[in-house]
Amino acid sequence: MKTFKIASIPGDGIGKEVVPAANKVLKTIADIHGGIQFNFTDFPWSCEHYLEHGEMMPEDALERLQNFDSIFLGAVGNLKLVPDHISLWGMLIKIRREFEQVINIRPAKVLKGIRSPLLNPKDFDLIVVRENSEGEYSSVGGNIYKGEDEIAIQNAIFSRKATERAMRFAFELASKRKKHVTSATKSNGIYYSMPFWDSVFEDVSKDYSEIQTDSQHIDALAAFFVTRPHQFDVIVASNLFGDILTDLGAGIMGSVGVAPAANINVNGKYPSMFEPVHGSAPDIVGKGIANPIGQIWTAKMMLDHFGEEELGSVLLDVVESVTNDSILTPDVGGNYTTEEVTNEIIKRLKIVEKQGV
Ligand SMILES: NC(=O)C1=CN([C@@H]2O[C@H](COP(=O)(O)OP(=O)(O)OC[C@H]3O[C@@H](n4cnc5c(N)ncnc54)[C@H](O)[C@@H]3O)[C@@H](O)[C@H]2O)C=CC1
Ligand SMILES: CC(=O)C(=O)O
Ligand SMILES: [K+]
Ligand SMILES: [Mn+2]
């Protein structure tokens, strides 16, 4: 029996609704397989934890997480309790940084039965490789003066090492796909970092002569996500550009509630963290209608990471059979609950098992 130790951190808001749903699905997957099991350990780290203890996670949190095979996280953020920059930097971003989860992989593709807001989405199937360790998300800077003279300075960090690493990851990924990498730039407006980004992209692309490349300014690229998303394969982007682009990718899929993501530790020193694109969705929390598919598809990415690609693809097929039969939560036009969608996925997984597929 192969055992995978998973640190389960629902976090805030609908994270507490979709993580338990996805964990139930994972348990079903393990039962079907018979030769694997998932050992979940739950951690209650969240904004409520902050209110009680003055910190998002205990001091030894990273030590405790280090020995898990992966971290499965929902979302972080409850503005009513804690300012967002405190909660995110106290947990989500801290884990990404300390565990060197330097790449954030975020696919966007059409799921059968889920209507894209695009009139003619064709069959787009793209992956954004988001640099996940530096860029515009930095804590370097400061505030000076008060009142009308007040100034905020925020530095963006672009190292050759991290930039090149994200780009190489994108090229490697593209070599297993449609062999095209698009670089998201803004070297017409950002004076130092983006021309640097462009030159690193040019250097790296020389090592991959079989891969087609192009470079698009992020503003134009955002429009192309709407007008011709089917023409993209892999897109490599900085931390902020990748963040924005992947909510847009989620938007053209139909809802941010279905978009999956994976924070990957590429050197194998620390666990990777699997966490969907969406946040804690305070506007729908507690209603039982959060779409569990983003979190469940994220679980599929975790299965892939564990080398269980066959199980991963069975899971995504089952999810797609459910969406194709219009068993959908309200964000994608249905009137089913989180629980009903989850139970339907579980039911169909059990049928797949009976058929011995
Ligand atoms: N990785 C993370 O943990 C992230 C955390 N956040 C945090 O989450 C909080 C809310 O942020 P927002 O900007 O509102 O982004 P959000 O992604 O939480 O919500 C945006 C919109 O999408 C909807 N939505 C999101 N997930 C859904 C799901 N699974 N099913 C159905 N509808 C869904 C929400 O109801 C809302 O209308 C903030 O505290 C923010 O900082 C935001 C993004 C990512
Ligand atoms: C923080 C956030 O929005 C993200 O990592 O996607
Ligand atoms: K999330
Ligand atoms: Mn985001």
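Tutor: Around ligand 1 there are 24 residues, a residue counting as near if its C-beta atom, placed from the backbone, lies within 6 Å, and the closest are Gly-77, Gly-257, His-278, Gly-279 and Asn-291. This is a predicted model, in which local features need pLDDT of at least 70 and side-chain atom pairs count only at pLDDT 80 or more, while totals for chains, interfaces and linings use all residues. Residues are numbered from 1 along each chain as its sequence is written, and chains are lettered from A and ligands numbered from 1 in the order in which they are written.

Student: Which helix gives the most to the shell around ligand 1, and what is the make-up of that shell by class?

Tutor: Helix α4 (residues 84-98) gives the most, with 3 residues; helices here are DSSP runs of H or I with at least four residues, and strands are runs of E with at least two, numbered from the N terminus. The shell has 12 nonpolar, 8 polar and 4 charged residues, where Ala, Val, Leu, Ile, Met, Phe, Trp, Tyr, Cys and Pro count as nonpolar, Asp, Glu, Lys and Arg as charged, and the others, Gly among them, as polar.

Student: How is the chain divided into domains?

Tutor: The assignment, which is automatic or from a database, gives domain 1 (1-106 + 258-357) and domain 2 (116-253). Their centres, taken over C-alpha atoms, are separated by 24 Å. The contact takes 15 residues from domain 1 and 18 residues from domain 2, with C-beta atoms, placed from the backbone, within 7 Å counting as a contact. On the side of domain 1 that touches domain 2, α4 and β4 (103-109) each supply at least two residues.

Student: How should I read the packing of α1 and α11?

Tutor: Two packed helices are described by the angle between their axes and the distance between the axes. Here α1 (residues 15-33) and α11 (residues 338-355) pack at about 10 degrees with axes 10 Å apart, the axes being lines fitted to C-alpha atoms over the stretch in contact, with angles from 0 to 180 degrees between N-to-C directions. That makes α1 roughly parallel to α11, a term for angles under 35 degrees. Among the residues that meet are Val-18 and Ala-21 in α1 and Ile-345 and Leu-349 in α11.

Student: And which strands stand at the edges of the sheet?

Tutor: Strands of a sheet pair through backbone hydrogen bonds, either parallel or antiparallel. This open sheet of 10 strands runs β2-β1-β3-β12-β11-β4-β5-β10-β8-β9 with mixed pairing, where pairing requires that DSSP finds at least two bridges. At the edges stand β2 (36-42) and β9 (212-217), each with a single partner strand, so one side of each is left without a neighbour in the sheet. Within it, β11 (residues 262-264) and β12 (residues 272-274) pair in the antiparallel sense over 2 bridges, and Ala-262 has Phe-274 as its bridge partner in β12.

Methods. Contact = placed C-beta atoms within 7 Å. Parallel < 35°, antiparallel > 145°, perpendicular 65-115°, else oblique.
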